[in-house]
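Hi,

Here is the structure I promised to pass on.

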Amino acid sequence: MTRRKRMLANLEQDIRDHLERETQDNIDRGMSPDDARSAALRKFGNVARVKEETWEVWSIVWLEQLLQDVRFGVRTLLRSPGLTVAAIMAIALGVGINVGIFSVLNGLALRLLPVPRAQELLSVNQIIHFQGRGDRYIHNGANWFSYSEYQDYRDHNHVFTGLVAYEPYIEANLRDTDVRQVLGTAASCNYFDVLIEHPSQGRGFVDSDCESRRAVVVVSNDLWRGKFGSDPSLVGKKIVLNQTAYTVIGIARPGFTGTEPIPSAFWAPLTMQQALEPGIDRLSNDNMSWLALLGRTRPGVTMEEVRADLSVIAGRIDQRHSGPRRTTSLAIQAATFFSSPEERGHLIPVASVVLAAFALVLLIACANVANLLLARASVRHREIALRLSMGAGRGRLVRQLLTESLLLSLAGGALGSLIAFWSFIRITQLVTSYLPHDFPPLAVNVAPNLHVLAYALLLSLFTGIAFGLVPALRTSRLDLNSAMKGDSTQFGTAKKSGHFLLSILVGSQVAVCMVLLLAAGLLLRGLYTAQTIDPGFEMKGVATIFLDLGKQGYDPVHATAFMQRFRERIQSLPGVVEVAQAECAPLSHDFSGSEFVVPGRADTVGVEYNHVTPDYFSLLGIPIVRGRDFSPAETHASPGIIVTESTARRLWPGQDPLGKTLREISGREYSVIGVAKDAQVAHLGQLDTNYLYFPADKGDDSRSYILVRYSTGFADVAKGIRDAGRSIDPGVSIDVIQLEDYLEVWRAPSRIVAALSGALGSLALLLCSIGVYGMVSYSVSRSVRDIGIRMALGADGAQVMRLVVWQAMRPVVIGATIGAALCAAVSGVLRSMMFGLGTHDPIAFIGMPVFLLAVALVATLLPGRRAMRVDPMVALRCE
Amino acid sequence: MSTKEQRERIELLQGTLDLLILRTLQRGPMHGHAIAKAIEFRSDEVLQVEQGSLYPALHRLIKRRWISAEEGTSENNRRAKFYALTSKGKQQLAVETGKWDKLARAIAQILRPGEQEEA
């Protein structure tokens, strides 16, 4: 029981007692009982009021006043529905897009994994430091673990009820009626038990599946429905993945797509890794990061205890490590789709920039609403003045006005959030459906949860205070005298300060808008560069086929035989001009690099390289500017290499590169036989990468790209190539795409970002021009008498127009300058994130301000024309 | 400006009753009726406080933790709520008494020359 309740509990009893005593006293004094009773009551006063007043002592006054304010606020807002609707729409827009983008980020980075009791799951990551030179193999995640390390943590920790390890993103060819590549996961056999994710049909893994290396598999619900037509008897049947037959033991629950953002199509026991990835043995490599770890904590165990316990194990592993001294630090956090430090390192800067950009739009919307409220405040002068003179305190009045703006912002926020929740799910679907074909679908859940709701609420409250505080403070500081006299024109200081405030609001609005527009301009310019860049090679009319024959179960001898026949058949297809083979196709996001020693230089240089057949250069139209091309007889064992022009310039400035040597760390020497023209084959937009070519040979056949130049239609050639492959081995998976598609992958992020920022910029511009328009038309309507006097004294329309435009454009120009300066300062951040962006691109930095000023000028001219048409007689008489 | 004066006057009245209650309780814990009687009696019945207004005042003092309320038995063996001064209340009484004296002196100084002029 609260103090308030305890104190009030016996109040009635107390009052009754008091009255009885008084009555008794009166009787003692000789009154009749009836008289005594009524005299006591008279002396006590109004019992009901006493009770009420006592209650009031304990009542929470502010709460009641708040209710009062809310009631009054709702009434006031309903009385001017036009303004209320306009303000709510502006806020709904601003808050809505912010909540929407936050719900996407929330789905990516904050939402817990979609499994039961996900709050108990922790993602364990490690950051390894070596003293001096230390090497570690990395597959998928630099912060992940080797199998032996996983076993250590699993067997010796005291904090988890279970620790899971898995290798995601295993590409596997599923052989059935046709061949299809799917992404799957190799998982420890406690995977389904620890995650509490029991398959909806069949069973999950048991320990003996791993111990006896059973070829069993759990397939995802999507795969079961899409690929196997919801076959009710699939459990128990065999499916072939990468040439090995697996028995299906279970079908995952619909909605469970694994523990990574890209959905997994199947799960196989971790001990089947070598069968899934033929030729690679990860399990026995103690120095490879390839397993992600998820642990379910025991009840009551704190994060600190988990850290301490696992650090002990990490220390033991470090001590056991032979070679350079190794120190491991652990990064442990709640398990989400993006929980490794590496992934977060990529996501957080991007997310912050995106959130900041969206918040800027909200800010502009806030300034607009503040403008509206200021304008309305001038209409409400009389009301406010009346309330002040009736004795309302200024604090109370500010609170009342703030309540009104909070009502507006909460209504707008609620509306905006609802629209956002509804539309962003669809927008995400739209965006993901327009991604290039080899972008995998993301299992991002953008549906709102508590995080998103909290964000929406906070944002709305912040918005309400942001746009409400300044007008409220200003409105409540009134000159009562002139306001009560109805002097609504307010000559002198009051008018000046009001206009100044409006100017500041509009100026900052323009500044923020400028930042957004310039950022959008820079991104659009970046996109333009990306679309029009000359990569230095001829990519039109080239088809590429990626073949990972090793993974498809071929041994090197068979792979070479297949390649030989395959290339011959392609060569003989109608419309095929030239065929070449390379370790990496240009811009395929597939590249190799190594350190080389240049004789005469102390340090090593990093060089990226490619293995290519002689016809590679002619097929892509990359001229050999000095020396010669490879000959078909050259192999991995030959010493000849071809370097690019810029690499030659960097490594041997001012010298003839032909005949110069490069040494591998192992000591093997190569000499330059040719120089090829620069081409952006590895990274679009980067010309300063060192690059060299080795001759390709049989050793490349297990995994390589075939490039085909054709002169007819792509569809026919692609079909011919697929048929040629099938005729040699019907079980081989052949994916033919155009070389240009790789460029799309490089361009897609800039295109999405540019579209997004362009949309944001236009929105900002729209809001901003409404702000300028509002300011000018407000100040014109306030100074009708002023203008009337000027015109009566002989000013003509043009002069009045000049005055109006000058007054309006001053804050706009100042704001635009500040905005441009701000954007010049932060454009470096953007540059680091997007390809092809110039930091101080002159076209963007001149074009956008001119555009913005032009729009502002138009917004000024419209109300300015109204000022020109002021009739001095009417203007002066209307006062 | 008129609003401020009005508010201060109300506070003054409230404060006075509070002060009287505190002073009365200095003699020891009492129940509500007894406090009313004591104030009436000690002011030679000049201060006719509406007895009911005592209760909001008592609760206000409890809320400020200047007095405390306890269940007890009165002289004629009846259950009643007893109000007692807390140590915080004692300090407050000293402060308020000092303020009151100052105020009374100041008002007296203003009023006396005024009477002489009129006379």
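One thing to keep in mind as you read: this is a predicted model.

I'll start with strand pairing in chain A. A:Ala165 has A:Leu293 as its bridge partner, and A:Leu293 sits in strand 11 of chain A. That pair belongs with the link between strand 3 (residues 160-175) and strand 11 (residues 292-297) of chain A, where the two strands run antiparallel and are joined by 6 bridges. Strand 3 of chain A also pairs with strand 7 (residues 238-241) of chain A, again antiparallel, through 2 bridges. On that side, A:Leu174 is found opposite A:Leu241 of strand 7. As background, strands of a sheet pair through backbone hydrogen bonds, in either a parallel or an antiparallel way.

Now chain B. Its secondary structure amounts to 4 helices and 3 strands, and along the sequence they come in the pattern α-β-α-α-β-β-α. Of the 119 residues in chain B, 28% are buried. If you take the contacts in chain B with a separation of 6 or more, 49% of them are between residues 24 or more positions apart.

The 3 strands of chain B form an open sheet in the order 1-3-2, with antiparallel pairing. Strand 1 (30-31) and strand 2 (67-73) of chain B are at the edges with a single partner strand each, so each has one side without a neighbour in the sheet. Strand 1 of chain B is held to strand 3 (residues 79-85) of chain B by 2 bridges, and the two run antiparallel. Within that pairing, B:Met30 faces B:Tyr83 of strand 3.

Where do the two chains touch? The contact draws on 19 residues from chain A and 16 residues from chain B. On the chain A side, the elements giving two or more residues are helix 2 (11-28), helix 3 (33-44) and helix 4 (47-58). The residues on that side of chain A split into 7 nonpolar, 6 polar and 6 charged.

Why does A:Gln571 count as partly exposed? Because A:Gln571 has 13 C-beta neighbours inside 10 Å, and a residue is exposed at 12 or fewer and buried at 20 or more. Beyond its neighbours within four places in sequence, A:Gln571 is in contact with A:Val576 and A:Val579. A:Tyr710 is 139 residues away from A:Gln571 in sequence, yet their C-alpha atoms are 9.9 Å apart in space.

Cheers

Technical notes
Residues are numbered from 1 along each chain as its sequence is written. Chains are lettered from A and ligands numbered from 1 in the order in which they are written. This is a predicted model: local features need pLDDT of at least 70, side-chain atom pairs count only at pLDDT 80 or more; totals for chains, interfaces and linings use all residues. Two residues are in contact if their C-beta atoms, placed from the backbone, lie within 7 Å. Two strands pair if DSSP finds at least two bridges between them. Ala, Val, Leu, Ile, Met, Phe, Trp, Tyr, Cys and Pro count as nonpolar, Asp, Glu, Lys and Arg as charged, and the others, Gly among them, as polar.
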